[in-house]
Amino acid sequence: MRTLLAASAALVNALTDGEAHGRRYLAPDGAERIEAIRAALSAGEPGAAGADPGPGEADRLADTARTLRAVFEAAAADRLDDAAAALNALLRETGAHPQLGRVPGRPWRVHFHGADGSFATDWSAGCATGLAMALGGDHAGRLGVCAAARCDRVYVDTSRNAGRQFCSTACQNRAKAAAFRARRASGEA
C-alpha cells in the first residue's frame, strides 16, 4: 500500500497545475509528461513504473491525477464523504480487481489491475485502491495538502506522530522563516 500511496501523491504533484514551493507550477505535456510519469511511479519503489505509457495513456493518468488531487484536498479538509465518492467513482471506472503478481526475483505482491489491463487503467486502479484503503482504514488523516503559503502539493504523512503539515522540508523551512520574519517585524522576536 505504501508504494501506491507514494505513487498517488507523486502523480498528483507531477501532473496537476498549481503552486509548488512558492512558485507557479504547470504540469508537463508531451514527452516531458511521460518522463514525469516514469519518475512519479518510481517514487514509491524504484523500477515500479514498468513500461512507459504512450501519449494517450499519459493523458489518462493526468485525468486520474486530477481526480486524486480532489481526494487529497477533500481528505485534508476532513470532507471524507467527498473523498470517498471520488474514489468510488474511480474504482468503478477502472474496474479495479486484486490479483497476485510478481517480477522475477521479487516477492509476490497484491496488484489492483483495471478491467482493460492498460498501463493507465492499471495504475489508476492501483492508486485509487491504495487511497481507498487509507481512507477506509486508519490513515484518512494522513492525506494532506501542503500548509505553506503558495504551495498546493500533496503528501502522505508517514511520520510516527501524524504531525506532518508540509510537502517537503523546503516548504517547512520557508514557512518557519516567514513566521520568524513576521514576528521580528512586529517586535516579538
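# Questions about a predicted chain

Modeller: The protein chain has 6 helices and 6 strands. This is a predicted model, in which local features need pLDDT of at least 70, side-chain atom pairs count only at pLDDT 80 or more, and totals for chains, interfaces and linings use all residues. Residues are numbered from 1 along each chain as its sequence is written, and side-chain values use heavy atoms, with hydrogens and water left out.

Colleague: How do you know whether the radius of gyration of the protein chain agrees with that of a compact globule?

Modeller: The radius is taken over C-alpha atoms, and the globule rule is 2.2 Å times the number of residues to the power 0.38. For 189 residues the rule gives a value near 16 Å; the protein chain has 18 Å, so the two agree. The C-alpha trace spans about 60 × 35 × 35 Å along its principal axes.

Colleague: Which residues of α2 are buried, and why are they said to be on the same side?

Modeller: Buried means under 20% relative accessible area, exposed over 50%, and partly exposed in between, with a 1.4 Å probe and protein chains only. The buried residues of α2 are Arg 33, Ile 34, Ala 36, Ile 37, Ala 40 and Leu 41. They cover an arc of only 160° around the axis, so they lie on the same side of α2; the arc is that of the directions from the helix axis to the C-beta atoms. Ala 31 and Glu 32, on the other side of α2, are exposed.

Colleague: Why is Ile 37 called buried, and what is it in contact with?

Modeller: Ile 37 has 0% relative accessibility, so it counts as buried. Contact means heavy atoms within 4.5 Å. Leaving aside neighbours within four places in sequence, Ile 37 is in contact with Leu 11, Leu 15, Pro 53, Ala 58, Leu 61 and Phe 119. The buried residues of α2 pack against α1 (2–15), α3 (55–76) and α5 (119–136).

Colleague: Why are Arg 150 and Ala 162 called partly exposed?

Modeller: Arg 150, in the loop between β5 (143–145) and β6 (154–156), has 47% relative accessibility and so counts as partly exposed. Ala 162, in the loop between β6 and α6 (169–185), counts as partly exposed because its value is 38%. Phi is positive in each, near 60° for Arg 150 and near 55° for Ala 162.

Colleague: How many disulfides are there, and how do you know?

Modeller: A disulfide is a pair of cysteine sulfur atoms within 2.5 Å, and by this rule the count comes to 0. Cys 167 is in no disulfide: the nearest cysteine sulfur, that of Cys 151, is 3.7 Å away. For Cys 171 the closest cysteine sulfur, in Cys 151, is at 3.6 Å, which is too far for a bond.

Colleague: What makes Cys 167 and Cys 171 buried?

Modeller: Cys 167 has a relative accessible area of 14% and is therefore buried. Cys 171, at 0% relative accessibility, also counts as buried.

Terms used
Helices (H or I, at least four residues) and strands (E, at least two) are DSSP runs, numbered from the N terminus.
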